[in-house]
Amino acid sequence: MNQSLRAPGRLLRQYMVVTAAYWAFTLSDGALRMLVIFHFHELGYSTLDIALLFVFYEFFGVLTNLAGGWIGARYGLRLTLRSGLLLQVVALLMLAPVAESWPKLLSVVYVMAAQALSGIAKDLSKMSAKSAIKTVVPVAAGQEQQGERTLFHWVAILTGSKNALKGVGFFLGGAALFRLGFAGSVSAMAVGLVLAWLLTLSLPDAMGKMKQKPAFAAMFSKSRGINVLSLARFFLFGARDVWFVVALPVFLEMSMNWNFWQVGGFMGLWVVGYGLVQAMAPGLRRLWGQRQAPGPGAVQFWSAVLMVVPALMAVALWRSTVPGATVQGSTAVILGLTVFGLVFAMNSSIHSYMVLAYTEAEDVSLNVGFYYMANAGGRLLGTVLSGLVFQLAGGGAGGMAACLWGSALL
């Protein structure tokens, strides 16, 4: 009896530790992205060059999610979470000595290698945190529906708060580059992550570990629900990153004459707002009379709504190329970004819940790893297209509009 009374409190503490560690990582991840984009754009790198700096970050994320889920199932999620934090520390310290005097080819290759480590770290941490929720949500016998609603609520809080903090990280990245410089910023973040790593020592070794060791072939999901949702996730995140990763910050700086503070602040606020909507998704659904946990119909509805938004933004930008219409077009883009963020947040929150609803706690890290492999694949596609399409379309409003049409297609 005493054990059962203590269990919810113990599980809640584990959830809080995992969430705090993931928050710390997310702050560093958001800040590092802004630091790399601004620092290398300031050095004269093209948008395609900058996109290439993130290719290994996304590519190794694909491999990490697939293998990381298997490692987490065999050896526990504490190991994968702590490994992710330590690898991010190494990646940050690797970037500290990068200097303007380095040859361009050496800088690109070296930063790509550091970003590869950061990509591995990011997806180990993400897979671990998302999987851990399934293991700590208490579900009493005969109360499965209540358990599903609780799961949706906890997933929404973790996912939403993570993205809100990533937005804060964008702002901190721009501010840190201005105040501390590139080397000082990455060194300070490395110290913060070491403290977060120490916090994870309190997690149990057995968290997320399967009783029967899974074979290597078990990495590939056999669930139709997981497979279909993973493919949808691939295109969903490709549709976001095709305009968001490189094209948007460069467009805001070049075409709208925003400085680093303004770009970092705006993108930070956008991601914060997006994260808050994600966290509030269960409450928003209740306001609309949706009392049950979401199902496939909710995914289909919000995906259809999202497809329309970038298409309307692209039309607004095309109209802005007419002399005298630039201000109106730019305003339409800012408003469109806000709407896109709200709708994308609902999509992402429901997706993150659905993958856990489709899996069992025993093999959660395997299925979540497979699912976020598709997520990383979509980000990889979007990142490359973001720099390539923007540059091929001539940059400016035309380049941004081309990226938005690509978003609607994806």
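This is a predicted model: local features need pLDDT of at least 70, side-chain atom pairs count only at pLDDT 80 or more; totals for chains, interfaces and linings use all residues.
**V108**

The cut-off for buried is under 20% relative accessible area. I placed V108 in helix α5, residues 104-136. I then checked V108 against F40. The two are 68 residues apart in sequence, yet their C-alpha atoms lie 9.5 Å apart in space.

**Whole chain**

I counted the elements next. The protein chain holds 14 helices and zero strands. Of its 410 residues, 56% are buried.

**Salt bridges**

How many salt bridges does a search of the whole structure find? I got three. I took them one by one.

I began with D29 and K122. Their side chains meet in a salt bridge at 3.9 Å, N to O. D29 sits in helix α1 (residues 2-42) and K122 in helix α5, so this pair ties together parts that are 93 residues apart in sequence. I noted that D29 and K122 are both buried.

Next came D123 and R379. Their side chains form a salt bridge at 3.2 Å, N to O. This pair links distant parts of the chain, with D123 in helix α5 and R379 in helix α13 (residues 364-392), 256 residues apart. I checked burial for each partner. D123 has a relative accessible area of 1%, so I marked D123 as buried. R379 comes in at 3%, so R379 is buried too.

The remaining entry is R240 with D241. Their closest N and O atoms are 2.7 Å apart. I found R240 buried, and D241 likewise.

**Helix α3**

I checked the length of α3 against its residue count. Helix α3 covers residues 55-75, which is 21 residues. At 1.5 Å a residue, α3 should span 30 Å; I read 29 Å between its end C-alpha atoms, which agrees. Where is the kink in α3 centred? I located the kink at T64, with an angle of about 30°. Just after α3, I noted G76, which takes a positive phi of about 100°.

**Helix α7**

Helix α7 has 19 residues and reaches 28 Å from its first C-alpha to its last. That is close to the 27 Å expected at 1.5 Å a residue.

Which residues of α7 are buried? I listed F182, S185, V186, M189, A190, L193, A196 and W197. Looking down the axis of α7, I saw these buried residues fall within an arc of 135°, so they line one face of the helix. I then turned to the face pointing away from the buried side. That face carries the exposed residues V191 and L195.

**Patch at L198**

V194, L195, L198 and L201 make a nonpolar surface patch of about 340 Å². I placed L198 in helix α7, residues 181-199. Why does L198 count as partly exposed? I read 43% relative accessibility for L198. The partly exposed class lies between under 20% for buried and over 50% for exposed, so L198 belongs there.

Conventions: Residues are numbered from 1 along each chain as its sequence is written. Side-chain values use heavy atoms; hydrogens and water are left out. Patches are made of residues with over 30% relative accessible area and no salt bridge: like charges are joined within 9 Å, nonpolar side chains (Val, Leu, Ile, Met, Phe, Trp, Tyr) within 5 Å. Accessible areas come from the Shrake-Rupley method with a 1.4 Å probe; for residues, only the protein chains shown count as cover. A salt bridge is a side-chain nitrogen of Lys or Arg within 4 Å of a carboxyl oxygen of Asp or Glu. Helices (H or I, at least four residues) and strands (E, at least two) are DSSP runs, numbered from the N terminus. Buried means under 20% relative accessible area, exposed over 50%, partly exposed in between (1.4 Å probe, protein chains only). The expected span of a helix is 1.5 Å times one less than its number of residues. The bend at a residue is the angle between axes fitted to the seven residues ending there and the seven starting there. The arc is that of the directions from the helix axis to the C-beta atoms.
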